[in-house]
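Please look over the sequence and the structure below.

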Amino acid sequence: MGAVKTFPDGFLWGVATSAYQVEGAVDVDGRGPSNWDTYSHTPGKIDNGDTGDVACDHYRRWRQDADLIASLNVNAYRFSIAWPRIDPTGRGPAEPRGIDHYSRLIDALLERGIDPVVTLYHWDLPQELEDEGGWRNRDTVERFVEYAKVCYEAFGDRVKWWLTINEPWIVGLLGYLHGLHAPGYKGDVLGEVTVFHHLLLAHGRAVQEFRTAGTAGSRIGFAPNLSPHYPASDDPADVEATHASDGYVNRWFLDPVYKGTYPEDMRRRYEELVGPLAFIRDGDLETIREPIDYLGINYYSFRVMQAAPGDRPWPWRVIVPENVAVTGGFTGGVASTEAGTPIVPWALTDLLLRVRDDYGAPPVMITENGAVFPEPLHDERRVRFIHDHLVALHDAIQQGVPVVGYCHWSLMDNFEWKLGYAQRFGLVHVDFETLERTVKDSGRYYARIAAANAVVEP
Ligand code: FCB
């Protein structure tokens, strides 16, 4: 038993969801269709033919869910606003019933001592904008800004923590390269990198508008998913592949936001594949660099990289590390979640130290971290997962990383995108027949941690 691992005063202990994954009620109160409605209703796209039509019915059960969240002793709830509820067509006018819904939810949270952490874009784009090219179309950036302004105006007096864009890398990777998420394109590298740029630009523009919206005392950031990278061996080719892939996943998003530049090595690689990146216009990087107040980090796992000369589009591969020596002191295989994701808590510490050293020690919030485990109620592996990741987080704080909060993914089992309802991430079990919620052992454990503001033993 080490010393008690206490977190800083005022630390935010949160649980996270996103609109399309939990809300359901897709045709209620004037909500417009989104690209995810279209995609999930396209036969063959989602495992088991699942859709977000009902999901957890969080849209209707918001009051009961606010009580549920409060019962976990947390003081933060990260959720996203569904753009098509506020702006059903993507071109205005705003839908007052959508605004009222989130207003009520925000008030219910505040009454219970829970700070809302609001994500503006967690992947559900109004379908009408998708029809006009979606994020490939530069005009979508300004449409996003108009929607963001409505949100600042409606909720800015009460919401102190904002996030612009969730996981831009995943939007491009799965939506344009692998064809696994909406809008479902495959092998479209130009589409991918165009969308990355427009998402970053939308982020920067939304931050600019935030500064003029008079939201005193509120903070805004974005929430990329970051993965620390390690070479599979000391072979220089693997080491180079590791650096390159780090450019693809991490630096491509952090460099423009913190330094106002795209990483040269990765820019060259894109240009070799798709030609000049003509969609990057003068002044864009200035906009993207608009200072933010904190960095959200979604952390799930590391990436162990091997060179794969000749592979398209990128000459590298992620390998499942079995008995590989990884720089940073790691040797041997690792356990995985039920979804096959390696469980590597210590890599979170590495990641946080690296962000501190390379990007000027910004305040950080872990905006997502969690795992798929199927056990309905006695999810001992999730308890262990939480314990180990929080120890790693505490370690980073001890080493001087300014961490302001941690949001566990997810509050409850929900619609896990391509994987449908089969893969469960929740601290709370959801019976998808009855929609009954039952707190799992992990939820009870997390509630003890939040109450103690410290990592307690399971
Ligand atoms: C992240 C997403 C989130 C959830 C988790 C498991 O990539 O941001 O919506 O699906 O993964």
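**The ligand and its surroundings**

The ligand takes up the space of the largest pocket. A pocket here is found on a 1 Å grid over the protein atoms alone, as an open set of points with protein on both sides within 12 Å along at least five of seven lines, and a molecule sits in it if more than half of its atoms lie within 2 Å of its grid points. The model is predicted, so local features need pLDDT of at least 70 and side-chain atom pairs count only at pLDDT 80 or more, while totals for chains, interfaces and linings use all residues. Residues are numbered from 1 along each chain as its sequence is written, and side-chain values use heavy atoms, with hydrogens and water left out.

Which residues surround the ligand? They are Gln21, His122, Trp123, Asn166, Glu167, Asn298, Tyr300, Glu368, Trp409, Glu416, Trp417 and Phe425, where a residue is near a molecule if one of its heavy atoms lies within 4 Å of it.

**Elsewhere in the chain**

The count of salt bridges comes to 37, each being a side-chain nitrogen of Lys or Arg within 4 Å of a carboxyl oxygen of Asp or Glu. One of them joins Asp107 and Arg158, at 2.9 Å from N to O. Because Asp107 belongs to helix α5 (residues 96-111) and Arg158 to the loop between α7 (139-155) and β5 (161-166), the pair ties together parts 51 residues apart in sequence. Helices (H or I, at least four residues) and strands (E, at least two) are DSSP runs.

Most peptide bonds are trans. The bond from Ala182 to Pro183 is cis, with omega near 5°, and Pro183 lies in the loop between α8 (168-177) and α9 (189-212).

Methods. 1 Å grid on protein atoms, 1.4 Å probe; cavity = no way out; pocket = protein on both sides within 12 Å on 5 of 7 lines; lining within 4 Å.
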